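Here are my notes on this structure, written for someone new to reading models. Please keep the view open and check each point as you go.

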Amino acid sequence: MEASNGYRALQWNAGSGGLPENETTFARVLQQQGYATGLIGKWHQGVNCESRTDHCHHPLNHGFDYFFGMPFTLVNDCLPGRSPELDAATRARLRHYTQMMALGVLTLAAGKACGLFFISWKAVLGAASLLFLFFVSWYASFGFARRWNCILMRNHEVTEQPMVLERAASLLLNEAVSYIERNKHGPFLLVVSLLHVHVPLVTTKEFLGKSQHGLYGDNVEEMDWLVGEILNAVEEHGLKNKTLTYFTSDHGGHLEARDEHSQLGGWNGIYRGGKGMGGWEGGIRVPGIFRWPGVLPAGRVVHEPTSLMDVFPTVVQLGGGQVPQDRVMDGHSLMPLLQGDVEHSAHEFLFHYCGKYLHAARWHEKESGRLWKVHYITPRFHPQGAGACYGQSVCPCSGEGVTHHDPPLLFDLSRDPSEARPLSPSSEPLYHAVVAGVGQAVEAHRETLSPVPPQFSLGNIVWKPWLQPCCGTFPLCSCSQE
């Protein structure tokens, strides 16, 4: 899913972009192998293409036979009273244009009333009508962002619109436990995509103030409890020794998420950068915790570079399926590494993108054990000297907000995991050889790429009322079946 207009995620449930139907998910492969396949939590890969009921991007069209959760993702707009987050810059511009136009209409009316302008009242009324139409055209979507995006669905049916965030965690937990109980007698795949730990960090009263790290820490505490309850269900139904559990995250801490009191987006330790940054370690190093008693040795720590792309071939292998043979697959099964059958990851090179732009690449030189990282593009942090793009939701991938490095920046992560000391030909004798070697790997990698439809193009991003999931009568969508 890509575009070149700056958008990097879907903005509306009623957009037409999403995961293309011709993509093969690991859920689809396992479904074909006789597995029950469930997704509980957030999806954010689109819903419809041409009509409100075609569900072309819906999880049930991508290999899952059960879905409960948010077809979108959590944003500040979902919590009443929070500052708008969804496409905030565009919304601010539209509001500014409306105010300027309103000032113009009021000036015309006042001038006409005072005899300063020789125009008809009909012209003034026409200008006011155009202003009203302009306001309604954008407020119909942005003004109802919570109602349009913050909904719960069970399979194809909208069950809560807008959703009540304070009870979402308990609903998702009950669904996950129930799914395990319903499918305990046969093979199943369950993906639990929690709403934690994402702004606006909605936390139930039982966990508020429980941690020593503010609201973010409280949210982590609640997530920890949720994960524990799901693992308890696995154990209570006798599935512990025949179930692989994998806990991970999709990106590092969101450094730009702050309020006047505290950091709301987590902390990335010694690693530089954060969420939305395609190259810096703080944005792409995430936890990976596996549990499978009797199959995976307990307490083992693996220091090899792996990728979330490895989930696909790992799950497919364990489910008895085959990865697609009609395309290049970048992931590798993790089982040999996790079981200790091999010493090194199958990844010699990994390529790190921000949107569709390749920002960095790493080379694991297995003979020497050194881990090289080459940065071709980096975001420009601001204010100067900061470690993130404060004042924006995330750092940009391209344009004036990034720096192109020629020659590229080179780091030795095996000695400098914080990426604090870029190497040079004078400080590293292998500088030119490493940069050239990684460059050749990048070119070979680019030859494996093929163009895809731009799912984040403006035509796919905009809100389309005929695609809006709705319970009740549109546009008065409202229900609470949960």
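1. Start with a disulfide: C49 is joined to C56, with the sulfur atoms 1.8 Å apart. A disulfide here is a pair of cysteine sulfur atoms within 2.5 Å. The torsion about the S-S bond of C49 and C56 is about 90°, so this disulfide is right-handed. The structure holds six disulfides.

2. A word on the source. This is a predicted model, where local features need pLDDT of at least 70 and side-chain atom pairs count only at pLDDT 80 or more, while totals for chains, interfaces and linings use all residues. Residues are numbered from 1 along each chain as its sequence is written, and side-chain values use heavy atoms, leaving out hydrogens and water.

3. Look next at H44. Its phi is near 55°, a positive value in a residue other than glycine. H44 sits in the loop between β1 (36-42) and β2 (66-70). Helices (H or I, at least four residues) and strands (E, at least two) are DSSP runs, numbered from the N terminus.

4. Where are the cis peptide bonds? One joins H196 and V197, with omega about -15°. V197 belongs to the loop between β5 (188-193) and α6. Another joins D406 and P407, with omega about 5°. P407 is in strand β11 (residues 402-412).

5. How do α5 and α6 pack? Helix α5 covers residues 168-182 and helix α6 covers residues 214-236. Their axes are 9 Å apart, at an angle of about 15°. Axes are lines fitted to C-alpha atoms, for helices over the stretch in contact, and angles run from 0 to 180 degrees between N-to-C directions. The two helices are therefore roughly parallel to each other (angles under 35 degrees count as roughly parallel).

6. Which residues make this contact (heavy atoms within 4.5 Å)? From α5, they include L173, V177 and I180; from α6, they include W225, L226 and I230. The contact residues divide into 10 nonpolar, no polar and two charged. Asp, Glu, Lys and Arg count as charged; Ala, Val, Leu, Ile, Met, Phe, Trp, Tyr, Cys and Pro as nonpolar; the others, Gly among them, as polar.

7. Finally, the record. An unreviewed UniProt entry lists residues 12-320 as "domain: Sulfatase N-terminal". UniProt annotations may be inferred rather than shown by experiment. In the model, residues 12-320 are 36% helix and 11% strand. The end C-alpha atoms of residues 12-320 are 36 Å apart.

Technical notes: Angles under 35 degrees count as roughly parallel, over 145 as roughly antiparallel, 65 to 115 as roughly perpendicular and the rest as oblique. Contact means heavy atoms within 4.5 Å.
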